[in-house]
Amino acid sequence: MGPIDVFFGTLEVTLPVFSMVMIGILLKRIGWIDMPFINTASSLVFKATMPTLLFMSIIKADLASALQPGLIIYYLAVTTLCFLLIWVWAIWRSPRLDRGVFVQGAFRGNCGIVGLALAASMYGDYGLSLGGIMAGGVIVLNLVLSAIILALYSPTASSNLTSIFREIAVNPLIISILAAIPVAYSGITLPTWLMTSGEYFGSLSLPLALICIGGSLTLKAVNQTRGQALEASLWKIIGMPALGVVMALPLGFRGAELGILFLFLASPGAAISYVMAKAVGGNEQLAANIIVISTFGSMATVSLGIFLLKLAQLI
C-alpha cells in the first residue's frame, strides 16, 4: 500500500468523527441548536446513551480478545507518567494558581467520546469493546488525579476523598462497564428485541456527543488565549501520544492495540476539565482555551499520527 492509499485510508477514519464536530459548530452558528439543547443532550449521552453503547459493545464482544490487561495497565501507567511529567513542567512554566488547571488540561483527554468514536471508526466493534474498557479505567484515574492536582493549587478547594469515591461510584459509564463484563462472561443471551432496542438507543451516543462538542466550542476563547494554553494543548495532542507510542514499541504493542492506544492518548482535552476548574475557583478561561485549541489541533495531529503509524506498518 502506497503513501497516497495510506493517506486516504487515514482520512476515512478521522473525517467522519471530526466532521460531526464541525456540523455541531455549524448548527450552533445558524441557530438550529442552542446551549439548553447542548446541555440536555450532553446529559442524555453521559447518563443514558453512552452507558448503553458501552454495555452493548462489551456483551457482544469476545472478551478473550477484547480484554487486554497488559494494554490497559500500560495505558494507565503512561497516563500517570505523563501527569507527573506535565506537573514538573507546570512548576517550571506556569504561575502557581494556574498549575492545577494547566496540568489537568494537558493530561486529561476526551477518550470517552472522541477516543471511542475514533476507535470505533477504525476498528469497529472491537475498538468499541476494548476502548470501552480502557475508557472505564482511565475515567477513574483521571478523576482522582484531577481532583488532587486542582485541590493542591486551588485557593478554595480541598482534597475530599469521600466526594471523589462518590463520583466514581455513581459514574454511569463505569457502572455500565462493570455490569457488562459479568454478563459477557456468563454467556447470558438477552432477548433479540432488547438487543435491537439497545443498539438503536446506544447508536445515538457518538454523533450526538460529537455535535454537542462542536456546538459548545467558541472561537472567542482562542482570541484570548495565552502561551500556557498552547503549551498544555501541545502536551495533550503531541507530547502524550508520542511518548506513549515510543515507549509501547519495545513492549511489543502493534496493530489494533497500538492504534487504539494512540487514539486514546491523542484525544483532545476533555470538556469536564472546564467544569472541574470552575468548581474549584481555578482559571476557567485557561481551561476553555485548552479544550478549544486541543480539539481543533487534534484534527491534524490525529490524522498525521495514524498516517505515520500506517506508513510504518505498525498498525
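This is a predicted model: local features need pLDDT of at least 70, side-chain atom pairs count only at pLDDT 80 or more; totals for chains, interfaces and linings use all residues.
Reader: How are helices H2 and H6 oriented relative to each other, and what is the angle between them?

Author: An angle under 35 degrees counts as roughly parallel. Here helix H2, residues 35-60, packs on helix H6, residues 111-153, at about 25°. That makes H2 roughly parallel to H6. Their axes lie 11 Å apart.

Reader: Is the crossing of H2 and H6 left-handed or right-handed?

Author: The crossing of these two helices is left-handed.

Reader: Which residues of H2 and H6 make the contact?

Author: From H2 come Met50, Leu53, Leu54, Ser57, Ile58 and Lys60. H6 answers with Gly112, Ile113, Leu116, Asp125, Leu128, Ser129, Gly132 and Ile133. By class, the contact holds 8 nonpolar, 4 polar and 2 charged residues. Gly is counted among the polar residues.

Reader: Turn to the second largest pocket. What is its volume, and which residues line it?

Author: A pocket is an open set of points, whereas a probe in a cavity cannot get out. The second largest pocket has a volume of about 240 Å³. Its lining consists of Ile237, Ile238, Pro241, Ala242, Val245, Val246, Phe262, Thr301, Leu304, Gly305, Leu308 and Leu309.

Reader: Which helices supply at least two residues of that lining, and which gives the most?

Author: Helix H12 (227-248) and helix H15 (284-311) each supply at least two. H12 gives the most, with 6 residues.

Reader: How do the residues of this lining divide by class?

Author: There are 10 nonpolar and 2 polar residues in the lining of the second largest pocket, and no charged ones.

Reader: How many cavities of 30 Å³ or more does the structure hold?

Author: The structure holds 1 cavity of that size. The space in the largest cavity is about 50 Å³.

Reader: Which residues line the largest cavity, and which elements give two or more of them?

Author: The lining is made of Tyr75, Thr79, Phe107, Gly109, Cys111, Val138, Asn142, Lys236, Met240, Phe264 and Leu265. Two or more residues come from each of helix H4 (69-93), H6, H12 and helix H13 (255-265). The largest share, 3 residues, is from H6.

Reader: And how many nonpolar, polar and charged residues does the lining of the largest cavity have?

Author: It has 7 nonpolar, 3 polar and 1 charged. Lys counts as charged, and Lys236 is one of the residues lining this cavity.

Conventions: Residues are numbered from 1 along each chain as its sequence is written. Side-chain values use heavy atoms; hydrogens and water are left out. Axes are lines fitted to C-alpha atoms, for helices over the stretch in contact, and angles run from 0 to 180 degrees between N-to-C directions. Helices (H or I, at least four residues) and strands (E, at least two) are DSSP runs, numbered from the N terminus. Angles under 35 degrees count as roughly parallel, over 145 as roughly antiparallel, 65 to 115 as roughly perpendicular and the rest as oblique. A crossing is left-handed if the near helix is turned anticlockwise from the far one by less than a right angle, and right-handed if clockwise. Contact means heavy atoms within 4.5 Å. On a 1 Å grid over the protein atoms alone, a cavity is a set of points where a 1.4 Å probe fits but cannot get out, and a pocket is an open set with protein on both sides within 12 Å along at least five of seven lines; lining residues have an atom within 4 Å of a point. Grid points are joined across faces, edges and corners, and a volume is the space filled by probe spheres set on the points.
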